[in-house]
Amino acid sequence: MSLLNKLHTLIILVAVLLGLLLTQIPLVEAHAASFIIPFLMLYGLFLAMSLRGLKQGFLHKRFVTISLLINFVWTPLLA
């Protein structure tokens, strides 16, 4: 397991805390939605993802179906 994989959860936690702290500055708060969320949060999540197994991931039909149902049916019903 690489160092990045070991520290992945900590990196995300630090990014969340950094985002919360930076949005206390009025100038950063005005532009937070266009910078902090897409780049710091999503980039950190996808940085450790290997693209080699992406095709194999979509071949697991049961997993993909459940994932789509949770993301696009269950979550909007609860929101």
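A pocket is an open set of points, on a 1 Å grid over the protein atoms alone, with protein on both sides within 12 Å along at least five of seven lines. Grid points are joined across faces, edges and corners, and a volume is the space filled by probe spheres set on the points.

View 1. The structure is a predicted model in which local features need pLDDT of at least 70 and side-chain atom pairs count only at pLDDT 80 or more, whereas totals for chains, interfaces and linings use all residues. Residues are numbered from 1 along each chain as its sequence is written, and side-chain values use heavy atoms, with hydrogens and water left out. The largest pocket holds about 190 Å³ of space. Its lining (residues with an atom within 4 Å of a point) consists of Leu54, Gly57, Phe58, Phe63, Val64, Ser67 and Leu68. By class, the lining comprises 5 nonpolar residues, 2 polar and no charged; Ala, Val, Leu, Ile, Met, Phe, Trp, Tyr, Cys and Pro count as nonpolar, Asp, Glu, Lys and Arg as charged, and the others, Gly among them, as polar.

**View 2. Helix 5 (61-78).** Helices are DSSP runs (H or I, at least four residues), numbered from the N terminus. Helix 5 contributes the most to the lining of the largest pocket, with 4 residues; helix 4 (54-58) also supplies at least two. The 18 residues of helix 5 span 24 Å from first C-alpha to last, close to the expected 26 Å, which is 1.5 Å times one less than the number of residues. A kink of about 35° is centred on Ile70, the bend being the angle between axes fitted to the seven residues ending there and the seven starting there.

**View 3. Asn5 in helix 1 (residues 3-6).** Asn5 is partly exposed, at a relative accessible area of 37%; buried means under 20%, exposed over 50%, and partly exposed in between (1.4 Å probe, protein chains only). Asn5 and Met49 are separated by 44 residues in sequence and by 9.5 Å in space, C-alpha to C-alpha.

Terms used. On a 1 Å grid over the protein atoms alone, a cavity is a set of points where a 1.4 Å probe fits but cannot get out, and a pocket is an open set with protein on both sides within 12 Å along at least five of seven lines; lining residues have an atom within 4 Å of a point.
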